[in-house]
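Subject: Structure handover, aromatic contacts

Hello,

The structure I mentioned is below. Please keep it open while you read the notes.

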Amino acid sequence: MKDASRTTTISNPRRLATLPDILGALSVLQSHESDLSASLADLLSAYEPIEASLNSLQSLSPQLDTLAQDTHLLDQTVSYTARTAQDVGGRVQSLDEEMKRVREASERVSQIIELKSSLAALHNSMEQQDWESATRHCARAMALPLDVISGPFAETAVPTAESHLPPAQTLEAAREQLLTVFRREFEKASRARDATATSRFFKLFPAIGWEAEGLQAYASFVVELVRVRAPASAKTSSPLYYITALTALFESIALIVDQHQPVVEKYYGRGKMGLVLERLLQEADRVAKDLLEGWEEERSVKRKLSDISSTPLSAAVQKQVAALANDEDDLVDPRELDKVLVEAAGMSGRWGLFRKFMHDRLKEESDLEEDGLDDPVTSSGQPLQSRNTPQPSKESNEDADPSNGIHVLEHSRSQELIEEMLFTYYTPMEVWYARTVIDKAHRLSTSDLSQLPVSTTTPDDAFYILKTVLSRMLTTASVATIERTSERLRDVMDKDYARVIKHKLDNVYRGAAAPGARAEKAERENRQSFIILLNDLDISSSHMERLVRDLCSSNLVPQHFLESEIEHVKASLNSFMNLVPKYRSTLRAGIEQLFNQLLRPKLRTFIPDIYKDVSYILDEDSYAATELQDTVRKRFVKSWEALIEGYKDTFTDSNFRLFFGLALDVLVRPWEKFVISVRYSELGAIRFDHDLRAVMAYLSSQTVFGDIREKFVRLQQIATVLNLDSEEDVDEFYNGSGISWQLSQQEARSVASLRV
């Protein structure tokens, strides 16, 4: 292609008219000649290896011809061998098929002989009433394949003159007859309380495929064992009658499950106790329904609920501070209601303990099954039922699942009745009881002025009641009740407890005091009353925190609730902690009100009075005199003690700490303004530092709640700057000292300029 392209560029010689054109065309032709020569040389150089390769291939031709002949001979030999092997294999396969049919025929004959002998032995054993042998022979017959029992060969070979029916019908009739016998004998043994005979016939049911019927008979037997009949001497008026009756019911069921579950699982397999449990729960539902209806009627619970629903308790709480001095008889006696609540929680708690026990037992079964343990059923029991009896329904299979036993337990009528009783009666009565008793605690509140710090009986009484109510609520063992009742009790402790105290706080200084000595006395009494109420709020916060902590760590929670429910219960209890910030918010507002009303006005002239006639421009003589007099410290101590007299002993530690902190916050700011408004000599700056340290040491000695020096950091930094050497640069010290400054750099310069 390259040569062709060059050929096309050569000009037509006829058109070459000038010497340069001729020379150019000649040059092109010479170049083209060179290219053709190079191409020809390349072709000649490549021919030699090609020729050598062709010679090598020609030398291999005889060998390849020999190999082709050998391959043809081998193909003929292999083809002949393959045809021979195919013929032989076909004959062997035919022989195998014939041998297989012979074996199947022999096995079928053996099975028919086994079936015939088993049915004959079964008939003889039943005539002799040897039920164990009859069961064994029946199981042997049932273990045979269904197509053998119902096949035409068996229907021809097995029937005899005595038993002319087909073997399938004969076997089924024998099974039905054995079932009738087993039921009759089991019921007879059950009525006679013959444990040996009961166990004897109980284990025979599953061996011949009557597993469900055996469990039904066994369930009827154990239901009779747990029927609760109150003794003639028992009185329904007894406060423990209904709790005791339910306890006896659930304990008897739990005892049956504990003692009989191994027996059921031994002969019927794991999980089969759920079927018996369902029957037991039906009996429990019947008894629980009768007991709860009797309790409602005997205790007049509906009437009590109607009475408390018509009581205007919220109005009573609103008027509580206005004085309810008249001792009117209550529509419902809280003590009587307390007894009813104890019974309600007790009955629910007994169900909860039973429910927890059953959950644990059924969960153990489920865990064992998940570990891959085989069911300890008889070797023939399961095949019998699957081959020769109607297949169990899907529902019956689910009933054998331990998790389904839990489902039956959780959706039982007893569970519904207990939850309905708690929702209808317990929660509203418990909330009303808490409101009533807390209201009474407010009305009967007293304070012991001889005990410091002073508080009323209200916090102790109210939180004792709350502890009683919450502990009783936990014994109901109902998560729904815990969540529902906790929410309403939080509302009680907010509106009916804390707001009443806040209302009292608002009313302390509402009335105007008469002038004169009576005004001073009234002011002292009002201050005392206000502080006592603030102490009540502080004690209430501490009581609430401790109560929630104690209940969450108590044994009541794990004792009555499942592991999956514990977190929900603790969350409901911890929700009471949301009230603590509300209590402390009201407390802080009250302390700030007291401080602003009584102490803040006195602090306005506190610093000027301390530093009256005090100068920090000192020489050596005046410094010595000032150090001897110690005027600032003495004045501060005297004025401060007069200022906080009566507060430290009457406040709780927490309240006094808050009050003390407010006083320091108000004191420090004007102190800073004062110290930057005076001038200091070198000795005066040293004296100021001594005075500041002496005051801080005194204030620290007046408190037990830690160091108060953080409030004086700015004053300490002012003293540090004032005591710098005159040659030392303030900016350099500020940037290189490593101190965490609260003074700005400009403020530090201003302080340094106060030195004279």
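The notes below cover aromatic pairs and charges over rings.

This is a predicted model, in which local features need pLDDT of at least 70, side-chain atom pairs count only at pLDDT 80 or more, and totals for chains, interfaces and linings use all residues. Residues are numbered from 1 along each chain as its sequence is written, and side-chain values use heavy atoms, with hydrogens and water left out.

Searching the whole structure gives 31 aromatic pairs. Rings of Phe, Tyr and Trp (its six-membered ring) pair if their centres lie within 6.5 Å; planes under 30 degrees apart are stacked, over 60 edge-to-face, and the rest tilted.

One of the pairs is Tyr-616 with Tyr-680: the ring centres are 5.4 Å apart and the planes are at 25°, so this pair is stacked. Tyr-616 lies in the loop between α24 (606-610) and α25 (620-629), and Tyr-680, 64 residues apart from it, in the loop between α27 (653-675) and α28 (682-701). Helices here are DSSP runs (H or I, at least four residues), numbered from the N terminus. Both Tyr-616 and Tyr-680 are buried, meaning under 20% relative accessible area (1.4 Å probe, protein chains only).

Trp-671 and Phe-712 have ring centres 5.8 Å apart and planes at 90°, so they are edge-to-face. This pair joins helix α27, which holds Trp-671, to the loop between α28 and α29 (713-722), which holds Phe-712, 41 residues apart. Trp-671 is buried at 1% relative accessibility, and Phe-712 is buried at 0%.

Two charges over rings: the charged end of Arg-472 sits over the ring of Tyr-433, 5.3 Å from its centre, and that of Arg-527 over the ring of Tyr-647, 4.8 Å from its centre. The criterion is NZ of Lys or CZ of Arg within 6 Å of the ring centre and within 35 degrees of the ring normal.

Regards

Note on methods. Helix = DSSP H or I, 4+ residues; strand = E, 2+ residues; numbered from the N terminus. Buried < 20%, exposed > 50% of the residue type's maximum accessible area, 1.4 Å probe, protein only.
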